[in-house]
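Let's take a walk through this structure, from its overall layout to the spaces inside. Have a look at the sequence and the model first.

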Amino acid sequence: MSPTDFSTLNLSAKLLKNLSSLGYEKMTAIQAQSLPHILAGKDVIAQGKTGSGKTAAFGLGILQKLDVKNFQVQSLVLCPTRELADQVAKEIRRLARSINNIKVSTLCGGMPFGPQISSLQSGAHIIVGTPGRIEDHFSKNTLNLDTLTTLVLDEADRMLDMGFQKSLDIILRKMPAKRQTLLFSATYPKQIQSIAKRIMVNPVLVQVTSTHDNATIEQHFYKVTDDKNRLTALMLILLQNRPGSALVFCNTKKETKAVAEQLYNYGFSALALHGDLEQYDRDQTLVRFANKSTAILVATDVAARGLDIDALDAVINYQIAHDSEIHIHRIGRTGRAGSKGAAYSLYSDREAHKVALVESNVDPILDAEPLPSHSLLDTQPIQAQMATIKIAGGKKHKVRPGDILGALTGKQGIAGKQVGKINIFDTWSYVAINRDVIRAALKKLGQGQLKGRSFRVRLIRD
Ligand code: AMP
């Protein structure tokens, strides 16, 4: 037995069995360092980012001590964004698969109160949510945390960046002082240290060094002369590497929109993600990128927070980030959970000082590489492998992924392997279909029935 086997931990047999069924064979660094302390009931500060396996670290801690028979709130996980909260809740449910009747509720802003209140009334063990909405529930008297035993602050640095300090203070006053507090943060600035001092008791500090980034993420730097040259450089990098999914970071909203539009006009499958999008468009954009109906997502740092996309083939910095921590956060989105990733950064003379800053984290210091050949501009722009169909039926109509899959693959349907991700929202759903069979899929869904009804379906155009 190696020291990083989950079986070395004091975890219930059910949780251990489920971990191996999930294919979690060994602990990740952050899990190996934090879980023994978490399971011993200590307060823990863990410095680690998305992709490090941090969710399972605190998730297993929560689940191991949970009393299923007690339908009162026992744990609260606070996250900066709805996307992260959804992702965390999903991972906790996966980890809890082997235990019956565990209820995880998500309480996030931008969603109606009604269903959240009913979910609380029917008794939730674990709550995952964003600070603003949790605070709102207190003011409505719909949430009681008197029975809480574990508090998790996830991406604590981002929560502070987003101005949640005041909400956090209010929430902290509403829970028992005697509890276990776990704080996860990608960075460990002074502000976090002072919060930790106030709200934690003798915390154990766990730091997973960033050598991970250099070992599994290949970094490339390219020098550009002007903005026109920058766009060409971006296209050349895309055409040479042909990533299935690539995230392009810009420093401003305006540039994000312009770059996405120019790529699109050139024939690339590209969309923009920025703060001006309405929630509906943001959700749809994220669905289309995650389900591989869009190959390239151009985003600002703020908009990309909490984004949960597995297996990004490449991250491209259209401009160098303003500081090295943001740079590390950006490139950490490729090469997740052990797979190798690639990061490409463009910079001009004016940004050279930022490269020096960013590179102080890179060993060895990298030189700018020559740009790929311009002849690549004659090759086919990158297209997405899938397309998205929207179905006007969702959770409210009790539509489940299995129903959609069944309707598509039933008699004279398309093959299951042509169907990609399915996302069910309250009153509509999305399903990704391989572009080769999109017509057949539309026809099958149009004719067929879901839950005994026929719903309107339409293809989302590029
Ligand atoms: P996180 O940092 O929590 O966002 O986790 C990143 C990804 O790694 C998630 O998709 C997890 O399902 C996966 N993961 C977490 N722990 C392990 C593990 N010990 N072995 C394999 N995959 C893991």
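Taken over C-alpha atoms, the centres of domain 1 and domain 3 lie 34 Å apart. The chain is split into domain 1 (6–207), domain 2 (217–378) and domain 3 (386–459), with bounds that come from an automatic or database domain assignment. Keep in mind that this is a predicted model, where local features need pLDDT of at least 70 and side-chain atom pairs count only at pLDDT 80 or more, while totals for chains, interfaces and linings use all residues. Residues are numbered from 1 along each chain as its sequence is written, and side-chain values use heavy atoms, with hydrogens and water left out.

Now for the inside. The largest nonpolar core has 40 residues; a core here is a set of buried Ala, Val, Leu, Ile, Met, Phe, Trp, Tyr and Cys residues joined through side-chain atoms within 4.5 Å, and buried means under 20% relative accessible area (1.4 Å probe, protein chains only). Phe6, Phe58, Val77, Ile92, Ile126, Val128 and Phe184 have the most contacts inside this core. Among the elements that give it two or more residues are helix H3 (54–65), helix H4 (82–95) and strand E4 (126–129); helices (H or I, at least four residues) and strands (E, at least two) are DSSP runs, numbered from the N terminus. A second, separate core of 30 residues includes Leu238, Leu263, Ala295 and Ile382.

What does Val77 touch, leaving aside its neighbours within four places in sequence? Its partners include Phe58, Ile62, Ile92 and Val128, where contact means heavy atoms within 4.5 Å.

On to the open spaces. A pocket is an open set of points on a 1 Å grid over the protein atoms alone, with protein on both sides within 12 Å along at least five of seven lines; a cavity is a set where a 1.4 Å probe fits but cannot get out, and lining residues have an atom within 4 Å of a point. The second largest pocket has a volume of about 330 Å³, counted as the space filled by probe spheres set on the points, which are joined across faces, edges and corners. Of its 18 lining residues, Thr81, Arg82, Glu83, Gln279 and Arg282 are the closest to its centre. Domain 1 and domain 2 each supply at least three residues of this lining.

Finally, there are 5 cavities of 30 Å³ or more. The largest cavity has a volume of about 70 Å³, and helix H15 gives the most to its lining, with 3 residues.

Conventions:
Buried means under 20% relative accessible area, exposed over 50%, partly exposed in between (1.4 Å probe, protein chains only).
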